Amino acid sequence: MASEKPTVVVTCTAPVNIAVVKYWGKRDEELILPINSSLSVTLHQDQLKTTTTAAISRDFTEDRIWLNGREEDVGQPRLQACLREIRRLARKRRSDGLEDPLPLSLSYKVHVASENNFPTAAGLASSAAGYACLAYALARVYGVDSDLSEVARRGSGSACRSLYGGFVEWQMGERPDGKDSIARQVAPESHWPELRVLILVVSAERKPMGSTAGMQTSVETSALLKFRAEALVPARMAEMTRCIRERDFQAFGQLTMKDSNQFHATCLDTFPPISYLSDTSRRIIQLAHRFNAHHGRTKAAPMLEKLHSPFLSGWPVAYTFDAGPNAVIFTLDDTVAEFVAAVRHSFPPESNGDKFLKGLPVEPVLLSDELKATLGMDPIPGGIRYIIATQVGPGPQVLDDPGAHLLGPDGLPKPAA
């Protein structure tokens, strides 16, 4: 085959996503089909991203993969499922007669190198970014241009949501083959420019149970999970979509917190119970509600204030927790500085004061005595390791600069700079 290129190399980046209507539980373990739809916010890749280089060559003798510089077992079932699916789509493209002038040999082996610019062990949805990036890079290398939801999903369910920027819905689908279980964009990243995201990284306590095993146990034992999936999530999906389209932060924030709390309630309703939240996580929840109560009182009319209802006005921050202790806070740009100051006040950095805040710059502000009194919490030094400040961002990108490749001309990872 003289027309075939001996080697093709592609490097892509892909984002992390954070669900505001959670996915928990599968109706098909092998195809990774969820028992309910979910909706997420894509975070900006300037702060959190996976970079993946995929290379195919007639000189490679086997498929190989490296993650963060270490070679991993390419035989992992989920990795194999992604590779099989991409190669199937590439073959289908061939048989449909949609060949490029230089078709690439499907018999070529692939080398993949992937790395994250954020701590993989911190429970920050690294598998979603990782598998979305893998699917995107493999598709470019093998010349596949169809919907990649199924490829990414076979690696990690929530990875299909990282294939798009902005606000993304993963439709659960109904077909047994999963062909209608796909991700689609609800609104682009430019839709809500004032929205900000703060990731509060809690001291890394090991998860008591991985997500895959946790989901399985919940599906088998939690009546609340079944009720949530069937009776509550459909209306929540519609309401969350409305909140996003109308940029209604009050309703968006309230629903985000309620959905997070309910997800963790289903974990406690699992038998034996699963608890992903730590004491620090629960204190962050308390901090957010007290911060909101303070703003509810100061913004509400005096007559409303007598009713002492935190629902009336002023919900400047919202929290959500995935299957781990780290908090993700949503807020608007005019509240970021004050909330970061409230976090510093409640969880003073032990030693890394200058590195406590990463990502987007946030101006330091002083807290009012009134707010400090409302927070009323004994400070816990070092309870939060650091904060990453970010915003809504775009979907996967192809990097055109050959210098960005993680693999050298020999198909092996470049030595660390």
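This is a predicted model: local features need pLDDT of at least 70, side-chain atom pairs count only at pLDDT 80 or more; totals for chains, interfaces and linings use all residues.
Helices (H or I, at least four residues) and strands (E, at least two) are DSSP runs, numbered from the N terminus. Residues are numbered from 1 along each chain as its sequence is written, and side-chain values use heavy atoms, with hydrogens and water left out.

**Exercise 1. Two residues and their surroundings**

Task: Find where T51 lies and decide whether T51 is buried or exposed; then do likewise for D63.

Solution: 
- Step 1. Start with T51, which has its place in strand β6.
- Step 2. Its relative accessible area is 12%, so T51 is buried (buried means under 20% relative accessible area, exposed over 50%, partly exposed in between, with a 1.4 Å probe and protein chains only).
- Step 3. Now list contacts (heavy atoms within 4.5 Å). Setting aside neighbours within four places in sequence, T51 touches T11, C12, T13, A113, S114, E115, C133, L399 and L406.
- Step 4. Turn to D63, found in the loop between β6 (49-57) and β7 (64-67). With 13% relative accessibility, D63 counts as buried too.
- Step 5. Beyond neighbours within four places in sequence, the contacts of D63 are V74, L83, R87, K109 and V110.

**Exercise 2. Strand β16 and its partners**

Task: Describe how β16 pairs with β12 and with β15, and why β16 is largely enclosed.

Solution: 
- Step 1. Seven bridges link β16 to β12 (residues 195-202) in the antiparallel sense; L198 stands opposite A389 of β16.
- Step 2. On the β15 (residues 357-359) side, three bridges join parallel strands. K358 has I388 as its bridge partner in β16, and G359 faces A389.
- Step 3. Follow the chain: from β15 it passes through helix α10 (residues 369-375) to β16, a left-handed β-α-β crossover (right-handed would need a clockwise path from the first strand over the helix to the second, with the strands pointing away from the viewer).
- Step 4. Because six of its eight residues are buried, β16 (residues 384-391) is largely enclosed by the rest of the structure.

**Exercise 3. Helix packing**

Task: Classify how α5 and α6 are oriented to each other.

Solution: 
- Step 1. The axes of α5 (residues 223-245) and α6 (residues 249-269) come within 11 Å and cross at roughly 165 degrees (axes are lines fitted to C-alpha atoms, for helices over the stretch in contact, and angles run from 0 to 180 degrees between N-to-C directions).
- Step 2. The two helices are therefore roughly antiparallel (angles over 145 degrees; under 35 is roughly parallel, 65 to 115 roughly perpendicular, the rest oblique).
- Step 3. Residues making this contact include L232 and R236 of α5, and L255 and Q262 of α6.

Terms used. Two strands pair if DSSP finds at least two bridges between them.
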